[in-house]
Amino acid sequence: MASVSFRKLEKTYGSLRIVKGIDLEIRDREFVVLVGPSGCGKSTTLRMLAGLESISGGEIRIGDTVVNALPPRERDIAMVFQDYALYPHKTVFENMAFSLKVRGIPAAEIPPRVQEAAEMLGIAHLLERKPGQLSGGQRQRVAMGRAIVRRPKVFLFDEPLSNLDAKLRGQVRAEIKKLHQAIGTTILYVTHDQVEAMTLADRIVILKGGDIEQVGTPDEVYNTPNSVFVGGFVGAPAMNFLSATVERDGLRFASGDLLPLTGDLAAQAIPYQGRAVTVGIRPEHFSADSAGAAGTLTGRVQVVEPLGSDTLVHLAVGQSVLVVRMPPDAHPAVGADMVVAVQPGRLHLFDPTSERSLRLPTPSSAQAAA
């Protein structure tokens with residue numbers, strides 16, 4: 001087992017900076033997920049840790065060892081790829097055992113290690129089959145088993161569920177979670193899917209354009225996003241964003257609606273009196289009952305999406321369209337006006353220029369404090 005640290009880690013291709021000097025500490029036995037849109041640098045970061053990409057600057061440590069110059073086989077890591085990378089002519093047993101044979105593990109130790117991993121993943125009955133006889137989910141379990149038998153210091157997963165259908169993704173995701181609980185090895189997992197990130201991670205690292213936008217637990221990045229980007233990326237459906245002007249009594253929207261502010265939100269808004277802010281509201285933080293609400297917004301129903309467990313209502317408020325999560329029995333008429341209440345304390349305020357949360361210090365004030 002081992003911790004992992006990136007210090008001022010960079011990757012450039014000519015004048016193009018893919019990873020821009022990131023700092024990150026991953027604790028021993030921690031499950032950390034790197035998440036972000038395509039091109040944000042998450043897979044490149046993983047490949048640099050694995051030794052499959054050279055680094056352009058900075059330092060990578062596994063435990064107390066700087067591994068910048070070490071070849072992949074000397075880093076004591078195991079990687080699970082998106083495309084399984086199984087040998088089609090070998091059986092499941094042979095695929096899982098191959099890396100042990102290459103590393104010179106005594107022949108007597110190999111069968112019990114393969115059997116243990118296969119039972120952990122529920123594929124012990126498939127050991128004599130070949131990859132062509134397996135489903136996609138079974139092949140991904142074999143790829144995971146091949147990594148488990150190595151007993152490495154660190155597991156790396158590079159979008160391992162991308163080739164699976166929705167049902168299988170849910171099943172294998174749960175198995176990966178149980179696997180970590182069982183073996184407790186440090187895991188760094190890359191995905192573009194925020195649902196995978198939220199359900200699997202001890203901590204989530206959200207990347208944008210080669211920089212770390214926020215690091216936190218799933219609860220932290222969901223409930224206290226540092227920026228408009230994080231608020232919009234985490235959560236499904238995404239957070240709603242509207243422009244409003246800060247007045248003495250609260251937030252005034254273009255529709256004329258006023259939402260009162262109290263407590264921390266009122267304190268955050270004080271420096272913005274008379275100025276515009278970006279207001280974030282998650283779809284689930286509206287209700288049709290205005291009793292005890294912070295205030296109400298009025299809009300016109302554009303689209304109604306019944307999902308069985310709940311109903312999504314697309315509501316035009318001024319020039320913005322909000323997605324509102326309602327109870328399953330809500331069936332507002334398209335074209336009708338609708339009033340929705342905002343749950344107290346559930347607003348998020350952002351600077352419209354920097355798109356940073358107003359609860360964070362401004363860059364100038366942070367530099368002054370330092």
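## Overview of the chain

The protein chain contains 10 helices and 20 strands; helices (H or I, at least four residues) and strands (E, at least two) are DSSP runs, numbered from the N terminus. This is a predicted model, in which local features need pLDDT of at least 70 and side-chain atom pairs count only at pLDDT 80 or more, while totals for chains, interfaces and linings use all residues. Residues are numbered from 1 along each chain as its sequence is written, and side-chain values use heavy atoms, with hydrogens and water left out.

**The chain as a whole**

- Taken along the principal axes, the C-alpha atoms of the protein chain fill a box of roughly 75 × 55 × 35 Å.
- Of the 370 residues in the protein chain, 47% are buried; buried means under 20% relative accessible area, exposed over 50%, and partly exposed in between, with a 1.4 Å probe and protein chains only.
- Among contacts in the protein chain with a separation of 6 or more, 67% involve residues 24 or more positions apart; contact means heavy atoms within 4.5 Å.

**Helices H4 and H5**

- Helix H4 (residues 136-148) packs with helix H5 (residues 166-183) at an angle of about 20°, and their axes are 10 Å apart; axes are lines fitted to C-alpha atoms, for helices over the stretch in contact, and angles run from 0 to 180 degrees between N-to-C directions.
- H4 and H5 are therefore roughly parallel to each other; angles under 35 degrees count as roughly parallel, over 145 as roughly antiparallel, 65 to 115 as roughly perpendicular and the rest as oblique.
- H4 and H5 cross in the right-handed sense; a crossing is left-handed if the near helix is turned anticlockwise from the far one by less than a right angle, and right-handed if clockwise.
- On the H4 side, Gly 137, Gln 140, Arg 141, Met 144 and Ile 148 meet residues of H5 that include Leu 168, Val 172 and Leu 179.
- By class, 6 nonpolar, 3 polar and 2 charged residues form the contact of H4 with H5; Ala, Val, Leu, Ile, Met, Phe, Trp, Tyr, Cys and Pro count as nonpolar, Asp, Glu, Lys and Arg as charged, and the others, Gly among them, as polar.

**Helices H2 and H4**

- Helix H2 (residues 92-102) also packs with H4, at an angle of about 30° and with axes 8 Å apart.
- That angle makes H2 roughly parallel to H4.
- In this pair, Val 92, Asn 95, Met 96 and Ser 99 of H2 meet Val 142, Gly 145 and Arg 146 of H4.
- The buried residues of H2 are Val 92, Asn 95, Met 96, Ala 97, Ser 99 and Leu 100, and the buried residues of this helix pack against helix H3 (110-121) and H4.

**Leu 161 in its loop**

- Leu 161 lies in the loop between strand E7 (154-158) and H5.
- Leu 161 counts as buried, at 1% relative accessibility.
- Beyond its neighbours within four places in sequence, Leu 161 is in contact with residues including Gln 140, Val 172, Ile 176 and Tyr 189.
- Leu 161 and Gly 136 are 25 residues apart in sequence, and their C-alpha atoms are 9.6 Å apart in space.

**Strand E9 and its partners**

- Strand E9 (residues 203-208) has 5 of its 6 residues buried, so it is largely enclosed by the rest of the structure.
- Strand E3 (residues 31-35) pairs with E9 in the parallel sense over 4 bridges; two strands pair if DSSP finds at least two bridges between them.
- Val 35 has Ile 206 in E9 as its bridge partner.
- E9 and strand E10 (residues 211-216) run antiparallel and are joined by 5 bridges.
- The hairpin of E9 and E10 has 2 residues between the strands, and Gly 209 there takes a positive phi near 55°.

**Two open sheets**

- Another open sheet has 4 strands in the order E2-E1-E4-E5, and its pairing is antiparallel.
- Its edge strands, strand E2 (16-26) and strand E5 (65-66), each pair on one side only.
- Helix H1 (residues 42-50) lies across strand E1 (4-13), E2 and E4, and runs at about 115° to E1.
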